[in-house]
Amino acid sequence: MEVVAEKKEFDTNKNSSSNAFDPSSTLSTIANAAADKEAEDRERQARDLKAGFHPLKHKFVFWYTRRTPGVRSQTSYEDNIKKIVDFSTVEAFWVCYCHLARPSSLPNPTDLHLFKEGIRPLWEDSANCNGGKWIIRFKKAISGRFWEDLVLALVGDQLDYGDNVCGVVLSIRFNEDILSVWNRNAPDHQAVMALRDAIKRHLKLPHSYVMEYKPHDASLRDNSSYRNTWLRG
């Protein structure tokens, strides 16, 4: 009986070990997914070139969110996110962009998102969950020009640490408009600060202009995008 009991215990431990989390396997899966995405991008770019177009480094998606005043649940937010259009070439971008409503004509509260394909504009998305965003607040009369400059910088891969950037958001609010740039890795202080400097450079903001940074996990805790920011600079 003791031998049988010991064998059962051994089998149980063996099964538990086989089901245990394997970090090396997870890293391998992530690396394989990244390699597959790079190969897919190369194939897409080759097709676009053959067709006579000018391929972008990444494929992008425009999203639109019309918030319901007074309703702040995450479920309602996800339900309100609508895909507008995707594009992967310079030519397709200008066709899409020229038909988008200008910021001055969008109702309050509204969010317009531009993200790399495969990344949804959600804090919980796997590409966003460890990241955060730089926040830039503008008077409503001038936000349109800065939004266009930021979109062109993202699409043209002009921002430093560009692979660390997930997307950009224009948030139309009652008293102000807010631009935000989402990145993948909030703990990487060097990349976060380099992104801040790149944003200021491309938007031609003075060095003294104050921007705010907030990690997405903090947004999840207080259910807020732009309140209780952690870093100013």
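**Note on the helix pair and the sheet**

1. The crossing of helix 4 and helix 5 is right-handed, a crossing being called right-handed if the near helix is turned clockwise from the far one by less than a right angle, and left-handed if anticlockwise. Helices (H or I, at least four residues) and strands (E, at least two) are DSSP runs, numbered from the N terminus. The contact, meaning heavy atoms within 4.5 Å, is made by Phe-93, Trp-94 and Tyr-97 of helix 4 together with Trp-147, Glu-148, Val-151, Leu-152 and Val-155 of helix 5. By class, this contact has seven nonpolar, no polar and one charged residues, where Ala, Val, Leu, Ile, Met, Phe, Trp, Tyr, Cys and Pro count as nonpolar, Asp, Glu, Lys and Arg as charged, and the others, Gly among them, as polar.

2. This is a predicted model, in which local features need pLDDT of at least 70 and side-chain atom pairs count only at pLDDT 80 or more, while totals for chains, interfaces and linings use all residues. Residues are numbered from 1 along each chain as its sequence is written, and side-chain values use heavy atoms, with hydrogens and water left out.

3. Helix 4 and helix 5 pack at an angle of about 160 degrees with their axes 12 Å apart; axes are lines fitted to C-alpha atoms, for helices over the stretch in contact, and angles run from 0 to 180 degrees between N-to-C directions. The two helices are therefore roughly antiparallel to each other, a term used for angles over 145 degrees.

4. An open sheet of eight strands has the order 2-1-3-5-6-4-7-8, with antiparallel pairing, and two strands pair if DSSP finds at least two bridges between them. Strand 2 (81-89) and strand 8 (231-232) stand at the edges, each with a single partner strand, so one side of each is left without a neighbour in the sheet. Helix 4 (residues 90-98) packs on the sheet, where it touches strand 1 and strand 2.

5. Strand 1 (residues 55-66) is joined by seven bridges to strand 3 (residues 110-116) and by seven bridges to strand 2. Thr-65 has a bridge partner on each side, namely Ile-81 in strand 2 and Asp-111 in strand 3, while the partner of Val-61 in strand 3 is Phe-115.

6. The chain averages a pLDDT (the predictor's confidence in each residue, from 0 to 100) of 83, and 75% of the residues score at least 70. Where pLDDT is low, the predicted coordinates should not be read in detail.

Note on methods
Angles under 35 degrees count as roughly parallel, over 145 as roughly antiparallel, 65 to 115 as roughly perpendicular and the rest as oblique.
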